[in-house]
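Hello,

I am passing on the model we discussed, with notes on what turned up in it. Please look at the structure first and then read on.

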Amino acid sequence: MQNFNHRRALIVSENFRALDRLGDSLSRLGMSVLHLPPENGEVVLDKDNLQTERDVLFLDGDLGGKVDVPRYPGLDLSMIPVVGMVGIEAPSRLGRLFSYGATAFLKKPVHAGTVFFSLFMAVNEYNQQLAWNLSLLEQNQRRRQRRYVIKAVLLLMKWHGLTDEGAYEWLRQQSMCAQTSVEEFAKQLVEQAARQPQAMQPGRGAMVGQENALSITI
């Protein structure tokens, strides 16, 4: 990501001098700027108003109090990229910014020449982390569903006399026809067999699917 036109910067800070310089630099990069001042020492970001494909949070690490940065659903990752603005380079403050999801830092006082670099690092590192986390989430979900593949293979072997290789190959081909993963197709098959055991009997075929049922016969 190199073009930041039409993105929105959410700046959480009480340092108005830094805000002016940062706002000017971000505007020149084509971003709109929204200042979110703390209220009663706290900043709460409303996840319903966040635009995950557009927003970037600039968070002042010298703020006290609590900052609520919503997490990406199902992941230990902030919903938007975070740039930590650092004045005092204390380990505790850097660690606090990391805990809020900072993937890049911007030294205060803000200099125009460093804004693009920090923004570039924050957005691209965040996108990479998000891609890895979503991939890991998908792999974990498929791993948990592997038991359904084993159950489905055993059912097909029992009722239709297939070998384990033949049963798995049948599942693979049918999942491709249904445009879903083998694991998800096997789960539907096992759940359907549990609800309607007769559907798995030889010669009766099997019914797999939910809203759009797919009728399949071995």
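Asp-60 stands opposite Met-85 of β6. This is a predicted model, in which local features need pLDDT of at least 70 and side-chain atom pairs count only at pLDDT 80 or more, while totals for chains, interfaces and linings use all residues. Residues are numbered from 1 along each chain as its sequence is written, and side-chain values use heavy atoms, with hydrogens and water left out.

Strands (E, at least two residues) and helices (H or I, at least four) are DSSP runs, numbered from the N terminus. Two strands count as paired if DSSP finds at least two bridges between them. Strand β4 (residues 55-60) runs parallel to β6 and is joined to it by four bridges. Strand β7 (residues 102-107) also pairs with β6 in the parallel sense, over five bridges. In that pairing, Lys-107 of β7 is the bridge partner of Val-86. Between β6 and β7 the chain passes through helix α2 (residues 91-99), in a right-handed β-α-β crossover (with the strands pointing away from the viewer, the path from the first strand over the helix to the second runs clockwise).

The open sheet has five strands in the order β2-β1-β4-β6-β7, with parallel pairing. β2 (32-35) and β7 are at the edges with a single partner strand each, so one side of each has no neighbour in the sheet. The twist averages 25 degrees from one strand to the next (axes are lines fitted to C-alpha atoms, for helices over the stretch in contact; angles run from 0 to 180 degrees between N-to-C directions).

Is β6 buried or exposed? Five of its five residues (82-86) are buried, so the strand is largely enclosed by the rest of the structure (buried is under 20% relative accessible area, exposed over 50%, partly exposed in between; 1.4 Å probe, protein chains only). In a regular strand, side chains alternate between the two faces of the sheet. In β6 both faces are covered, with Val-82, Gly-84 and Val-86 buried on one side and Val-83 and Met-85 on the other.

Lys-108 lies in the loop between β7 and α3 (112-160). At 10% relative accessibility, Lys-108 counts as buried.

Regards
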